[in-house]
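Welcome! Here is a short tour of a protein model, taken one feature at a time.

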Amino acid sequence: MPTPIDLKVGWIGTGRMGFTMARRLARAGGKLTVWNRTRAKAEPLTQDGARIADSLADLGGCDVAFCMLSTWDDVKHVIAGPDGLLSQRIPMPRTVIECSSISVQGSAELRSILAARGIELLAAPVSGNAKVVTAGKLSFVVSGPRAAYDRARPLFESIGKSSTWVGEGELARTVKICHNVFLGVVAQSLVEVTALAQKAGVPRHAFLDFLNQSVMGSMFTRYKTPALVNLDFKVTFTPELLRKDMDLGLELARNLGVPMPTAALAREQIQSLIGNGFTEQDFATLLLLEGRAAGLALEPEQVQVDDGLS
Ligand SMILES: NC(=O)c1ccc[n+]([C@@H]2O[C@H](COP(=O)([O-])OP(=O)(O)OC[C@H]3O[C@@H](n4cnc5c(N)ncnc54)[C@H](OP(=O)(O)O)[C@@H]3O)[C@@H](O)[C@H]2O)c1
């Protein structure tokens, strides 16, 4: 078995997250072959030393394959579909590291599909958006065979700041789903109190500056502050992807008999965001919806604020 630094890595998916994660790994000296459905999006990674694959067959001979796509359907299609990775006549990776936010059931199905081909799976979803990745602050939560995790750990740590192994099987999916339910609830609560403070006469930048310095401030409240102050809603995470995660959380909660009243309300607000057409912008547009409901005229404050990431 090669030492981790010698691992040959295949990378599947260079969307917002996958691109920045692959770039971190390539810049750390990883030997990367990258495949993306839309090849052009992967091409800038050549500047970081990555090789761009023309087809999934070019991932033959990799020790490890990372996967960062949108939904379970997409992952299944790319890994196990008619033209997917497993259909290629190539030496398969020993380990697949699947980082998309997918359901526990999807992850378990993937594990059994891969196991049938002798491939082990690390479920390794992440916390943080692309800016967080670039700042080196991404966190992985990982489950699956402990020995595979130990081998892959240097890869996780060259992409992000931490990786936490939480056990066997699909436990990491549950942790990630809980995390994103919390994200949806916190985001909604954050825009509510921001709108309340503004309607009472407090500029958003002043309110959020205090909040960020207080015991309630977090990496999340800090890096969302520029968007909430200056109404720059360039997408980091779409409302539709967040709704997917709220739905995964609520489904899990129903299956396990856990009441989630706050999460259920936040889910409906995210649905309203989508129904009101905010599909192409960031989920922080929850502020615009809240502003409308509060009869509040929202304008960019044009104040330079720190995102806490630089
Ligand atoms: N954005 C965030 O802040 C964030 C944070 C943590 C976790 N996540 C999770 O990370 C995953 C990726 O999110 P993202 O924001 O990077 O999404 P994204 O920018 O929309 O990227 C999606 C990627 O999946 C590929 N893809 C989608 N469907 C495909 C299919 N059927 N066949 C082949 N390729 C397909 C896309 O290829 P093309 O380039 O060809 O479209 C692209 O590379 C999601 O599960 C999301 O929930 C996101």
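## Two helices that cross

A crossing is left-handed if the near helix is turned anticlockwise from the far one by less than a right angle, and right-handed if clockwise. Helix α7 (residues 171-199) passes α12 (residues 286-293) in a right-handed crossing. Their axes come within 9 Å and cross at roughly 45°, which makes α7 oblique to α12. Axes here are lines fitted to C-alpha atoms, for helices over the stretch in contact, with angles from 0 to 180 degrees between N-to-C directions. Angles under 35 degrees count as roughly parallel, over 145 as roughly antiparallel, 65 to 115 as roughly perpendicular and the rest as oblique.

Which residues meet? From α7 come A187, Q188, V191, E192, T194 and A195, and from α12 come L286, L287 and E290. Contact means heavy atoms within 4.5 Å.

## About the model

This is a predicted model: local features need pLDDT of at least 70, side-chain atom pairs count only at pLDDT 80 or more, and totals for chains, interfaces and linings use all residues. Residues are numbered from 1 along each chain as its sequence is written, and side-chain values use heavy atoms, leaving out hydrogens and water. Helices (H or I, at least four residues) and strands (E, at least two) are DSSP runs, numbered from the N terminus.

## A loop residue

Now look at K161, in the loop between α6 (146-159) and β9 (162-167). K161 is partly exposed, with a relative accessible area of 48%; buried means under 20%, exposed over 50%, and partly exposed in between (1.4 Å probe, protein chains only). Not counting residues up to four places away in sequence, K161 touches G136, K137, L138, S139 and M219.
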